[in-house]
Amino acid sequence: HSGERPYHCDICGQSFSQNSDLTKHRRLHSGERPYHCDICGKSFSQNSDLTKHRRLHSGERPYHCDICGKSFSQNSDLTKHRRLHSGERPYHCDICGKSFSQNSDLTKHRRLHTGERPYHCDICGKSFSQNSDLTKHRRLHSGERPYHCDICGKSFSQNSDLTKHRRLHSGERPYHCDICGKSFSQNSDLTKHRRLHSGERPYHCDICGKSFTKCSNLTAHKCIQREEKGKD
């Protein structure tokens, strides 16, 4: 209660109120991991981390949401989950003010401002702001397609592509035009359709200046120009 911290780390100088906390802290410097999983052999510096790890093997989920009943292996995951119900967003961006329910989401968001891309492809050197984007990119090199359609067997490198593909089978069209009511299976098709209403033509020919609503129309236009130029 006094706030006294009589136990000091002789390496970094950090102080603690209890000797047991200093003992745990020293393992960060020494790399000591005295707690071992008797199933897979993985070792940990703290017994509490071993306890959490063992739940991966046992499937134990002792933390329950009192609203929806969903259960979790770690209390921290339950805390994050509860924010879905409460709408709490305690992590705020000090640049634009946007708020997030998880600190990890704020960390990812900040990279939009800083331009930081800490994840690098060891094959081509391309860098990414999120590890998940690097994982997707690596499949371009490996050819891995881990997402399979259970109807026709076609496989995809990204889950989002499988989701789009499944709509070909189901006929689902979740994207609706708020002007004419027409519906589409993909958001990109709705975006193209809206240009018919707005008159937007974002694709411009750098030779004659003519503009088009679709990139494919610009490509076809350029082919015609090349053919006509070849006849001259």
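Trainee: How many helices and strands does the protein chain have?
Mentor: This is a predicted model. Its protein chain comes to eight helices and 16 strands.

Trainee: What is the radius of gyration, and what would a compact globule have?
Mentor: The protein chain has 27 Å. A compact globule of 232 residues would be near 17 Å.

Trainee: And what box do the C-alpha atoms fill?
Mentor: Roughly 90 × 40 × 40 Å, along the principal axes.

Trainee: What share of the residues is buried?
Mentor: Buried residues make up 21% of the 232.

Trainee: What about contacts between residues 24 or more positions apart?
Mentor: They account for 0% of the contacts with a separation of 6 or more.

Trainee: Which domains does the assignment give?
Mentor: Domain 1 covers 7-60, domain 2 covers 119-170, and domain 3 covers 173-231. The C-alpha centres of domain 1 and domain 2 are 37 Å apart.

Trainee: What does UniProt list for "domain: C2H2-type"?
Mentor: The entry is unreviewed.

Trainee: Take 63-90. How much helix and strand is there?
Mentor: Residues 63-90 are 43% helix and 14% strand. Their end C-alpha atoms sit 21 Å apart.

Trainee: And 119-146?
Mentor: That span is 43% helix and 14% strand, with 21 Å between its end C-alpha atoms.

Trainee: Switching to His-81. Which helix is it in?
Mentor: His-81 belongs to α3, residues 75-86.

Trainee: Buried or exposed? And why?
Mentor: His-81 counts as buried because its relative accessible area is 10%, and the cut-off for buried is under 20%.

Trainee: Which residues does His-81 touch, leaving aside neighbours within four places in sequence?
Mentor: Cys-65, Cys-68, Lys-70 and Phe-72.

Trainee: What joins the side chains of His-81 and His-85?
Mentor: A polar contact of 3.2 Å.

Trainee: Now α5. How many residues, and what does it span?
Mentor: Helix α5 runs over 131-142 and has 12 residues. From first C-alpha to last it reaches 17 Å, close to the 16 Å expected.

Trainee: Which residues of α5 are buried?
Mentor: Leu-134, His-137 and Arg-139.

Trainee: What do those pack against?
Mentor: The buried residues of α5 pack against strands β9 (119-120), β10 (127-128) and β11 (147-148).

Trainee: What comes just after α5?
Mentor: Gly-143, which takes a positive phi of about 80°.

Note on methods:
Residues numbered from 1 in each chain as written. Predicted model: local features only at pLDDT ≥ 70, side-chain atom pairs only at ≥ 80, totals over all residues. Heavy atoms only, no water. Helix = DSSP H or I, 4+ residues; strand = E, 2+ residues; numbered from the N terminus. Expected span 1.5 Å × (residues − 1). Buried < 20%, exposed > 50% of the residue type's maximum accessible area, 1.4 Å probe, protein only. Contact = heavy atoms within 4.5 Å. Polar contact = N/O pair within 3.5 Å; in protein donor to acceptor, adjacent residues only side chain to side chain. Domains from an automatic or database assignment. UniProt positions renumbered as here; feature names shortened; annotations may be inferred. Rg over C-alpha atoms; globule rule 2.2 N^0.38 Å.
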